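User: Hi, I've got a structure open and some quick questions. Can you walk me through it?
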Amino acid sequence: MLIRINRSSALVRFTFGASVAALAMIAAPAAADVKAGVDAWSMGDYTTAVSEWSGPAQNGDADALFNLAQAYRLGRGVDTDVARARALYAEAANKGHIKAADNYGLLLFQQGEQESAMPLIRAAADRGDPRAQYVLGLAHFNADYAQKDWVRAYALMTLANGAGLPQASAALGQMDSYVPLAQRQQAQSFARHLEAQAAQHRAAELAAIDLGTQQSSVNQPTRPAQVRAAQAIQPAPAVSAQSVSSARLSGNWRVQLGAFGVRGNADRLWSQLSLNPALNGARKALVPSGNITRLQAVGFSSRTDAQRACDALKRQGQACVVAGN
């Protein structure tokens, strides 16, 4: 049978390596200190970067929280502190930061909290994260934390391998000894289907950010939503705290549906989704964050209820992420 996931070596090494690239791509000019930190990081001045991010992070800026998490994870500008990184990832993820949620899920898995990690792993794999595809592929192959499904397992591993994940190639080689040829051929077709779905998920999360035609340089699909949103042409109008809190009276769990550079796009998406049965009883909240507005369906009484609604939306092609207080 296929070798089990090694949480202390191969996956950790890749996750650390991917973190460097992900952090280098982050830039959030919506908050000047965050951008200054990114500029300092890019120049190798990690101590200054951490200093610039500390203030915005204390004020709840999701990008700053994520950047600090990366710094603590890598030990750049601060001593390596995985526990601190985990807490920062969790805080940023609760504010709707997609990349933070991806890294948080992988970290939970590595630390032995597989049951808690799997919903985040699945969501990251749905968005095309090769690390999550690798973990989920092994889970489906071994029937650990996921239903046994060799076609899906092979398809996910094929995508992870295509993205250049070193461990995926070796895993595929082992799978070849067990997965029948017919299933491997079926998996190749299914991989293209999953790849298209991942593109749709990313587009649903990012397309509503109105960047204008002259901002074409930020339309790279590998860049996080927070990077692109921060370069929006005009700031979204602020929403009063009262309008947000009044929508939460029935519960503190929420489903984030997107981040928008133009508030009207958030309104349009809500008009499309408000009658969806998955959001029955939920209310609309527009939450300002720098130059973007986050659209959230709020009022869910538990994470389970919110996750159930989000899962239903994902099956319909609408990307989302669950967050709570």
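User: Which hand does the link of C310 and C320 have?
Analyst: The link of C310 and C320 is right-handed, with 110 degrees about the S-S bond. One caution: this is a predicted model, where local features need pLDDT of at least 70, side-chain atom pairs count only at pLDDT 80 or more, and totals for chains, interfaces and linings use all residues. Residues are numbered from 1 along each chain as its sequence is written, and side-chain values use heavy atoms, with hydrogens and water left out.

User: What sort of link joins C310 to C320?
Analyst: A disulfide, with 2.0 Å from S to S. The term means a pair of cysteine sulfur atoms within 2.5 Å.

User: How many disulfides does a search of the whole structure find?
Analyst: One.

User: Which parts does the pair tie together?
Analyst: C310 lies in helix α15 (residues 303–315), and C320 lies in the loop between α15 and β4 (321–323), so the pair ties together parts that are 10 residues apart in sequence. Helices (H or I, at least four residues) and strands (E, at least two) are DSSP runs, numbered from the N terminus.

User: Is C310 buried or exposed?
Analyst: C310 counts as buried, at 0% relative accessibility. C320 counts as buried too, at 3%. Buried means under 20% relative accessible area, exposed over 50%, and partly exposed in between, with a 1.4 Å probe and protein chains only.

User: New topic, the sheet. In what order do the four strands come?
Analyst: The order is β2-β3-β1-β4, in an open sheet with antiparallel pairing. β2 (283–289) and β4 stand at the edges with a single partner strand each, so one side of each has no neighbour in the sheet. From one strand to the next, the twist averages 35 degrees.

User: How many bridges do β1 and strand β3 pair over?
Analyst: Seven, in the antiparallel sense; β3 covers residues 292–300. β1 and β4 pair over three bridges, also antiparallel. Two strands pair if DSSP finds at least two bridges between them.

User: What does R254 stand opposite in β3?
Analyst: V298. In β4, R254 stands opposite A323.

User: Why is β1 described as largely enclosed?
Analyst: Seven of the eight residues of β1 (residues 253–260) are buried, so the rest of the structure largely encloses the strand.

User: On to helices. How many residues of α8 are buried?
Analyst: 13 of the 13, so α8 is largely enclosed by the rest of the structure.

User: What span should helix α8 have?
Analyst: At 1.5 Å a residue, the 13 residues of α8 (residues 130–142) should span 18 Å, and the end C-alpha atoms are 18 Å apart, which agrees. The expected span is 1.5 Å times one less than the number of residues.

User: What follows α8?
Analyst: A143, with a positive phi near 60 degrees.

User: At what angle do helix α5 and helix α6 pack?
Analyst: About 135 degrees, with the axes of α5 (residues 82–94) and α6 (residues 98–110) 8 Å apart. That makes α5 oblique to α6. Axes are lines fitted to C-alpha atoms, for helices over the stretch in contact, and angles run from 0 to 180 degrees between N-to-C directions. Under 35 degrees counts as roughly parallel, over 145 as roughly antiparallel, 65 to 115 as roughly perpendicular, and the rest as oblique.
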